[in-house]
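Hi,

Here is the structure for your files. Please look it over before you read on; my notes follow below.

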Amino acid sequence: MNKKNFLGTVCVAVALAAVVSACGDGTTRDAGWEFSRNMYDPIAYNPDQLNNNFKNNQTAQIPPVGTTPIGFERFEFENTPEDYQRAGTELKNPLAVTAENLAQGEHLFLVNCAMCHGAEGKGDGAITKDRFVEDSRGRRQLENFPPPPSYAKSTGSVSSRGGAMSDLTAGKIYHTIYYGLNAMGSHASQLNPEERWKVVMYVQELQKK
């Protein structure tokens with residue numbers, strides 16, 4: 001074998017060995033050696049970790065003034081009686097009244113609201129019923145929560161902010177879901193804007209009863 005053929009055979013053998021080693025034998029998931037991994041897959045900072053890259057040494061920075069995070073919907077009404085009334089006048093439900101939206105609204109109402117308001121919005125939820133609970137010393141005490149007023153037109157229930165519950169507009173209901181009222185906490189973190197409007201739609205169906 002001359003020198004030229006020998007070198008060609010060596011090159012082919014080396015190339016074949018490289019291909020075989022790169023493909024693996026099918027029994028391992030090891031990707032092999034990686035060069036300077038941290039240069040293309042850096043270790044991230046924790047949000048609460050000190051960070052010398054910023055003047056205030058904080059990793060979690062406050063968003064610039066006037067910016068809106070992706071997926072965030074700004075609510076331009078304050079938690080005041082005045083803005084509650086303004087929301088009642090200016091806010092309209094952007095969703096179409098369909099069987100699907102009403103069904104979803106009913107489901108969300110039953111999951112998030114019925115424990116207080118009751119399945120039919122009559123203010124007779126499970127949390128308003130008398131029940132005994134044990135304190136830290138093992139003593140049983142009677143506990144319940146005052147029932148919220150009914151949405152039904154037939155009951156004539158009145159809101160704590162005035163006006164019949166059956167006459168609450170979509171905007172007032174949405175404002176209350178967003179901020180809460182009295183013993184009811186805000187549901188802004190539990191329900192996204194579309195889900196809130198579906199609950200509003202279902203509540204307005206309960207108002208007709």
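Contact here means heavy atoms within 4.5 Å. This is a predicted model, where local features need pLDDT of at least 70, side-chain atom pairs count only at pLDDT 80 or more, and totals for chains, interfaces and linings use all residues. Residues are numbered from 1 along each chain as its sequence is written, and side-chain values use heavy atoms, with hydrogens and water left out.

Confidence: the protein averages a pLDDT (the predictor's confidence in each residue, from 0 to 100) of 86. At least 70 is reached by 81% of the residues. By element (helices are DSSP runs of H or I, at least four residues, numbered from the N terminus), helix α1 (residues 3-23) has the lowest mean, 61. Helix α4 (residues 99-112) has the highest, 98.

Helix α4: its buried residues (under 20% relative accessible area; exposed is over 50%, partly exposed in between; 1.4 Å probe, protein chains only) are Asn101, Leu102, Gly105, Leu108, Phe109 and Asn112. They sit on the same side of α4 because they cover an arc of only 125 degrees around the axis, taken from the directions from the helix axis to the C-beta atoms. Ala99, Glu100 and His107 are exposed on the other side. The cover over the buried residues includes α5 (114-117) and α7 (193-206).

Backbone: most residues other than glycine have a negative phi. Asn57 has a positive one, about 60 degrees. Asn57 lies in the loop between α2 (37-40) and α3 (81-90) and is partly exposed, at 32%. Asn182 also has a positive phi, about 55 degrees. Its loop runs between α6 (170-179) and α7, and Asn182 is exposed at 66%.

Best wishes

Note on methods: Helix = DSSP H or I, 4+ residues; strand = E, 2+ residues; numbered from the N terminus.
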